[in-house]
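Let's walk through this fold together, one piece at a time. Have the viewer open and follow along.

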Amino acid sequence: MSREWLLADGEPFVDGLVLSHPEQLERLRRVCPEAEKTSVLAGDPCFDRMLAGRRHRERFRRALGVRRGQRLVVLNSTWNPEGFFGNGGGQDVLPGLLPRLASELPADDYRLAAVLHPNIWYGHGPGQIRVWLDRARRGGLTLIDPVHAWRQALLAADVVLGDFGAVSYYAAALGIPVLLASATRDRLDPEAPLATFVREAPRLDPYGPLRGQLEDLLARHRPPAGPAEFTSSAPGASAGLLRRLFYTLMDLPEPAAPALLEPLPLPPYEPPRRTAPLDVRTHVGARARGAEDVWIERSMGHPYEAAYDTAYGRPYDTAGETHRAVHEDTRDPGDLTSADVIYRDGRPDDPRLGGPAEWTAEVLRRYPHCSLAGYVTGPHSCTVRARRHGVFQLSAAPGADADPAAYASALHAWLAGGGAVPPGGVTLRVHTAGRVHPVTVTPATGTGRPRSAAAAGPDNPGAQSPVPD
């Protein structure tokens, strides 16, 4: 809304200047009256597509691998040196914030995704962006397609951690809680509704505990009226208004059929892929009425030592068990030599891995310190081999919806605490993300306990490399 962007040689250089709200027209009259004659109120097609896509919120969440009880935090940055994804200067909070988000927000409670302005991608190049954010990506951060999938990610979000860009304003207009990590107003028209929103929106304290700030925001959130009011004066009607403008400019009769916008497509399934080592805290409860309760929390390091977990009120220090779970594709192979649990994901019939039984046996042979190997075969299933216990199938029972790798860590803690799986199997009640996830553990058929070297005959190829009991 400035003369330098609207005029060429003192005259408008566009045939139609589309505005989404009369408030913009009033400001246009004040700052550049010459452009008023080309202006037209036609709503906001981007916002209309999001309004129509709201009914598919749960599908968009599942596409991002967000599980029940888990909260999706979308990091958003506009294209600006003072934006959330800034220029790396002294005021840039993102480099120090990303590792803290991964360590302070438990992996099973929170899901992280980033929506970066297209100019960030194209200004620096996709390869450079992925290099800069490599550590965060290994910790589970997903980079959202900047053109085709950011609206769906926004609709799926529980919280937006953003800046003064339009995406934060869209989020607020949709009623999504927004916490501003960068809130400069120098580049905003002080009379614009966006500037008002930036002045009034809650701020992130980059040096304070992050989980508490997010929880407090969610508990206190009340959608502000301004963004929903000023984003569009014609919600749901932009397609018809824009088509009328286009045909008027072409001096052609408008078609009789209704004008419609393309619906937001369902993004491909992209669950988080955490290959950085996870520190796992667990607490095995006393057995009651046949229930086997295990509380579990996984994250990339715990920055604070606490006697009690505030979410569940359960002790995690001396009364619990701590172990390290490492994905086989970790960047540092040395992580695997000290891992208590090693896991990976793949199709059960993947010929490259030899299937769950062969892969788990290979892992326990190769890494003597490892106590349990877990092969995640699907969104709700896992095959594990526990040293001195055998091979088991882990399957989510009705109501369960956590990462199967978390189930594997829960089983490891339960076995380490003296648990034993009976021939008919057992059900573990895994407590994580504020929910209880019942998981059935049954002995795997056809794989059993690994054969010892003494039992292996000359025709047994496993005789040279038995899995230790």
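This is a predicted model: local features need pLDDT of at least 70, side-chain atom pairs count only at pLDDT 80 or more; totals for chains, interfaces and linings use all residues.

Start with strand 5 (residues 71-77) and strand 8 (residues 159-162), which pair in the parallel sense over three bridges. Residues are numbered from 1 along each chain as its sequence is written, and side-chain values use heavy atoms, with hydrogens and water left out.

Axes are lines fitted to C-alpha atoms, for helices over the stretch in contact, and the angles run from 0 to 180 degrees between N-to-C directions.

Pick out Leu72, which sits in strand 5. Leu72 is buried, with a relative accessible area of 0%; buried means under 20% relative accessible area, exposed over 50%, and partly exposed in between (1.4 Å probe, protein chains only). Not counting residues up to four places away in sequence, Leu72 touches a set of residues including Leu64, Val66, Ala113, Ala156 and Val159, where contact means heavy atoms within 4.5 Å. Leu72 and Leu154 are 82 residues apart in sequence, yet their C-alpha atoms are 9.5 Å apart in space.

Next, helix 5 (residues 94-104): eight of its eleven residues are buried, so this helix is largely enclosed by the rest of the structure. Among those buried residues are Leu94, Leu97, Arg100 and Glu104. Their cover includes strand 5, strand 6, strand 8 and helix 12, along with helix 8 (134-138) and strand 11 (292-299). In the loop between strand 5 and helix 5 you'll find Asn80, which is buried at a relative accessible area of 13%. Leaving aside neighbours within four places in sequence, Asn80 is in contact with Phe85, Gly86, Phe164 and Arg187.

For a helix pair, look at helix 10 (residues 166-173) and helix 11 (residues 193-200), which pack at about 80 degrees with their axes 11 Å apart. The two helices are therefore roughly perpendicular to each other (the label covers 65 to 115 degrees; under 35 is roughly parallel, over 145 roughly antiparallel, and the rest oblique). Ser168, Tyr169 and Ala172 in helix 10 meet Pro193, Leu194 and Phe197 in helix 11.

Further along, strand 10 (residues 278-284) and strand 12 (residues 321-327) run antiparallel and are joined by five bridges, with Glu321 in strand 12 as the bridge partner of Thr282. Strand 12 also runs parallel to strand 13 (residues 341-345), joined by three bridges, and there His327 stands opposite Tyr343.

Finally, the whole chain: 17 helices and 18 strands, with 52% of its 469 residues counting as buried.

Methods:
Two strands pair if DSSP finds at least two bridges between them. Helices (H or I, at least four residues) and strands (E, at least two) are DSSP runs, numbered from the N terminus.
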